[in-house]
Amino acid sequence: MDSSGGRRLQTTETSLAIIDAVNEMGEARMSELADRLDLSTSTIHVHLKTLLDQEYLVKRGEQYRLGMKLFHLGEGARTRNEWYEIARRKTHELADSCGEEVTFAVEEYGRAITLFNVVANVPSKGFQVGRYYYLHNSAVGKAILAALPETRVNEILDRWGLPEETEYTITDRETLQEDIERTSERGYSVNDQEAVEGLRSVGVPVTAPHGGVLGALDISGPLYRLPPNEELASMLQDVVDELESELGVQ
């Protein structure tokens, strides 16, 4: 989440803001983008033409949408690391053995992003792959927070805050800090309906080969079906130990 100081290009920022806006809107007309970003249509037009030429957007009638080139780049970002295949395999193995939904996520710029999401007995690549979410109310997120230095945790909370997504979401820092300390002491995190009502999840952090936190694994499921937290944590820890061993974590 660190950003270097110095000169920044406003034209580049505008093009990226357009991509973000199209992503959030699903599809958009030029006039809608101009209104949303408070820019002239002539300025938007130049950026849209450039993004179309570079294949980052596509146009259908008067509507602009994200181009598949972004999917290609995202897949490249996901697979660029030497631990990709090991983490992918272990995520699938855990989902098969526990019979629930398993997620592997990493932290980037203060949020978690799902790299693998596997639902037991469902032949899909995971509907949450590529999804960003907050750290303070997810099991993978809280597991990651517990493994980060306090200064980094404060930087993340300063940037993103503690948005309330359900009535169970922790929304003050003191309570969250107590939760992070409990997570650190017992070795696993718990998300009890803090992001989605009726859903509980347990997470365990994964150490990177050269130290620090690589990401986290969690198991999720409906409250009525999941076994106790300690049992889920034990299953997770066994897989994390195997994953870290294959990664060469000392």
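How much space lies in the largest cavity? About 50 Å³, in a model that is predicted.

Local features in this predicted model need pLDDT of at least 70, side-chain atom pairs count only at pLDDT 80 or more, and totals for chains, interfaces and linings use all residues. Residues are numbered from 1 along each chain as its sequence is written, and side-chain values use heavy atoms, with hydrogens and water left out.

**View 1. The two domains.** The chain splits into domain 1 (10-68) and domain 2 (75-248), with bounds that come from an automatic or database domain assignment. Taken over C-alpha atoms, their centres sit 33 Å apart. UniProt, in an unreviewed entry, puts "domain: HTH iclR-type" at residues 9-68; such annotations may be inferred rather than shown by experiment. That stretch is 62% helix and 13% strand, and its end C-alpha atoms are 25 Å apart. Helices (H or I, at least four residues) and strands (E, at least two) are DSSP runs, numbered from the N terminus.

View 2. Strand 1 (residues 57-60) and strand 2 (residues 63-66) run antiparallel, joined by four bridges; two strands pair if DSSP finds at least two bridges between them. Arginine 60 faces glutamine 63 in strand 2. Two residues lie between the strands, and glycine 61 takes a positive phi near 65° in this hairpin.

View 3. Most residues other than glycine have a negative phi. Aspartate 38 is exposed at 71% relative accessibility, while glutamine 193 is buried at 13%. Here buried means under 20% relative accessible area, exposed over 50%, and partly exposed in between (1.4 Å probe, protein chains only).

View 4. Six strands line up in the order 5-4-3-8-7-6, with antiparallel pairing. Strand 5 (132-133) and strand 6 (189-192) are the edges, each pairing on one side only. Strand 7 and strand 8 share nine bridges, and arginine 200 has glycine 221 in strand 8 as its bridge partner.

**View 5. Lysine 142 in helix 6.** Lysine 142 lies in helix 6 and counts as buried because its relative accessibility is 1%. Valine 202 is 60 residues away in sequence, yet the two C-alpha atoms are 9.6 Å apart.

**View 6. The second largest pocket.** This pocket holds about 270 Å³ of space. Its lining has 20 residues, and the closest to the centre are Gln128, Arg131, Ala195, Leu199 and Ser220. Strand 3 (101-108), helix 6 (139-147), strand 7 (199-207) and strand 8 (213-222) each give two or more residues to the lining. On a 1 Å grid over the protein atoms alone, a pocket is an open set of points with protein on both sides within 12 Å along at least five of seven lines, a cavity is a set where a 1.4 Å probe fits but cannot get out, and lining residues have an atom within 4 Å of a point.

**View 7. The largest cavity.** The count comes to one cavity of 30 Å³ or more. Gly110, Tyr134, Leu135, His136, Ile156, Leu157, Trp160 and Gly161 line the largest cavity.

Notes:
Grid points are joined across faces, edges and corners, and a volume is the space filled by probe spheres set on the points.
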